[in-house]
Amino acid sequence: MNAPATRHADPLVIRSMEFTGPMVTADGWRPPASLPEVAFAGRSNVGKSSLLNTLVRRKKMARVSHTPGRTRQINFFKINDQFTLADLPGYGYARVAKSRRAEWKPLIEGYLAGSRELRGVVLLLDARHEPTEDDLDMLEFLAELGAPTILVATKIDKLKRAARAERLTALARQTGMSEDQVIPFSSETGEGRNDLAQALVDLVSGASWRDEVSEAPPDEGGV
Ligand code: GTP
Ligand code: MG
């Protein structure tokens, strides 16, 4: 499709990037919540690290896996001293033992529920496949939280034109999102990079949805 209003300017020029550290447990260290945050979530092997690298136009900010399901921590990256990207561990990789599969929940859900500066979540789904139980769980959790959610359909280069349109429609239907909330993306071709960048910039420049839904923040005794 040829969109007439193609953007020529890069909506997100990366001027600086810094790894600020890992969060390993739900009550463990995390960077000071001084900048707006956007989290990236998705099933293991969905192409999350590749997407982050494409987004920031670096080859190796995030490590592309040869052994899926390895990363167990949340990695934080500070971009342009303006906002923070949180790379959540991939969930639900089939080959990881079941006892370990449930490990992602407390960390990921604890982070998402407790981060005051979180502005939204980018959820990655493999364009070729149906959403998994874990994907639907995550969507439900995000809906309960009220967090703005952007859906990205990854590895879109692997689909031919007809299948592509069909899968994008199906993904929107299966997730209850509208089709324009789904960004087709490929780390191979770079498709969708600027659309995602623009969506991120919009998210981090707005106020937190938490300010709108909760009038008085609970007194947490100052962490
Ligand atoms: P974990 O960190 O293990 O959970 O995986 P991940 O979600 O970070 O996925 P990663 O980016 O490591 O990619 C997994 C595999 O998919 C790698 O072999 C990538 O080269 C491949 N891949 C990722 N994105 C794309 C894409 O857009 N197109 C194609 N064709 N392959 C991709
Ligand atoms: Mg990864």
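Glutamate 37 stands opposite threonine 84 in β4, where two strands count as paired if DSSP finds at least two bridges between them. The model is predicted: local features need pLDDT of at least 70, side-chain atom pairs count only at pLDDT 80 or more, and totals for chains, interfaces and linings use all residues. Residues are numbered from 1 along each chain as its sequence is written, chains are lettered from A and ligands numbered from 1 in the order in which they are written, and side-chain values use heavy atoms, with hydrogens and water left out.

**Overall composition**

- The chain has seven helices and seven strands; helices (H or I, at least four residues) and strands (E, at least two) are DSSP runs, numbered from the N terminus.
- Read from the N terminus, the order of elements is β-β-α-β-β-α-α-β-α-β-α-β-α-α.
- Of the 223 residues in the chain, 46% are buried (buried: under 20% relative accessible area; exposed: over 50%; partly exposed: in between; 1.4 Å probe, protein chains only).
- Among contacts between residues at least 6 apart in sequence, 76% join residues at least 24 apart (contact: heavy atoms within 4.5 Å).

**Strand β2**

- β2 spans residues 37–42, and six of its six residues are buried.
- Glu37, Ala39 and Ala41 are buried on one side of β2, and Val38, Phe40 and Gly42 are buried on the other.
- Strand β4 (residues 83–87) pairs with β2 in the parallel sense over four bridges.
- Strand β5 (residues 118–126) also runs parallel to β2, joined to it by six bridges; here alanine 39 stands opposite valine 121.

**Helix α3**

- In α3 (residues 104–114), the residues Trp104, Leu107, Ile108, Tyr111 and Leu112 are buried.
- These five lie on the same side of α3 because they cover an arc of only 115° around the axis (the arc is that of the directions from the helix axis to the C-beta atoms).
- Pro106 and Gly114, on the other side of α3, are exposed.

**Nonpolar cores**

- In soluble globular proteins, nonpolar side chains tend to be buried together.
- The largest nonpolar core has 33 residues, and Ala39, Tyr111, Leu112 and Val121 are among those with the most contacts inside it (a core is a set of buried Ala, Val, Leu, Ile, Met, Phe, Trp, Tyr and Cys residues joined through side-chain atoms within 4.5 Å).
- Elements giving two or more residues to this core include β2, α3, β5 and α4 (133–145); α3 provides the largest share, five residues.
- A second, separate core of 27 residues includes Leu52, Phe83, Ile183 and Ala197.
- Beyond its neighbours within four places in sequence, valine 121 is in contact with residues including Ala39, Ala41, Leu112 and Leu142.

**Salt bridges**

- The structure holds 13 salt bridges (a side-chain nitrogen of Lys or Arg within 4 Å of a carboxyl oxygen of Asp or Glu).
- Lysine 105 and aspartate 137 form one of them (3.6 Å, N to O), linking helix α3 to helix α4 across 32 residues.
- Lysine 105 is partly exposed at 30% relative accessibility, and aspartate 137 is partly exposed at 33%.
- Arginine 119 and glutamate 117 also meet in a salt bridge (3.1 Å, N to O), and both residues are buried.
- Asp10, Arg57 and Arg193 are joined into one network by salt bridges that share partners.
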